[in-house]
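Visitor: I am new to this structure. Please show it to me and take my questions in turn.

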Amino acid sequence: INITVVDESGEAQEVEWKDNQTLLECLHKNQYPVLATCGGNASCATCHTFMDPEHFETGGDERTEAEEDLLEMIDDVANDYSRLACQTEYNEGLDGATVTLKPGM
Ligand code: FES
């Protein structure tokens, strides 16, 4: 599938997301320097991204419990469409989605 990634400077670029990758792996593969301090274990929130509202709904896979808990801890910056990239599995419903990286990652 293809998604549009908006980086912290607001620049948008379309990238390919392969079906064996999490969103985090896709971003890394495409040279986005997302930190991922905990190594993808849903415990650091440095991989926080924003999904566009429409695709948050059609994306299928819902947030994991660990993801919900962590997003709650950063609710000053997270919103209803926040996703941890490491917990966001490939899903065909996300084709055409726009993923915004958090400012100052
Ligand atoms: Fe730490 Fe995703 S890499 S929560």
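Guide: A definition comes first: the radius of gyration is taken over C-alpha atoms, and the globule rule is 2.2 Å times the number of residues to the power 0.38. Residues are numbered from 1 along each chain as its sequence is written. This is a predicted model, in which local features need pLDDT of at least 70, side-chain atom pairs count only at pLDDT 80 or more, and totals for chains, interfaces and linings use all residues.

Visitor: What radius of gyration does the chain have, against that of a compact globule?
Guide: The chain has 105 residues, and a compact globule with that number would have a radius of gyration near 13 Å. The C-alpha atoms fill a box of roughly 30 × 25 × 25 Å along the principal axes.

Visitor: What pLDDT does the chain average?
Guide: pLDDT is the predictor's confidence in each residue, from 0 to 100. Where it is low, the predicted coordinates should not be read in detail. Here 95% of the residues score at least 70, and the chain average is 93.

Visitor: In what order do the elements of the chain run from the N terminus on?
Guide: Helices (H or I, at least four residues) and strands (E, at least two) are DSSP runs, numbered from the N terminus. The chain has three helices and five strands. Their order is β-β-α-β-α-α-β-β.

Visitor: Which strands are at the edges of the sheet?
Guide: Two strands pair if DSSP finds at least two bridges between them. The open sheet of five strands has mixed pairing and the order β2-β1-β5-β3-β4. Each edge strand pairs on one side only, and these strands are β2 (12-16) and β4 (82-84).

Visitor: Which residue of β5 is the bridge partner of M51?
Guide: Strand β5 (residues 98-101) is joined by three bridges to β1 (residues 2-6), and the two run parallel. There, V6 has T100 as its bridge partner. Three bridges also join β5 to β3 (residues 48-51), but these two run antiparallel. In β5, the partner of M51 is V99.

Visitor: With which residues is L27 in contact, leaving aside its neighbours within four places in sequence?
Guide: Two residues are in contact if their C-beta atoms, placed from the backbone, lie within 7 Å. By that rule, L27 is in contact with V5, Y32, V34 and A85.

Visitor: Is D69 buried or exposed?
Guide: A residue is buried if 20 or more other C-beta atoms (placed from the backbone) lie within 10 Å of its own, exposed if 12 or fewer, and partly exposed in between. D69 has its place in helix α3. Because D69 has 12 C-beta neighbours inside 10 Å, it counts as exposed.
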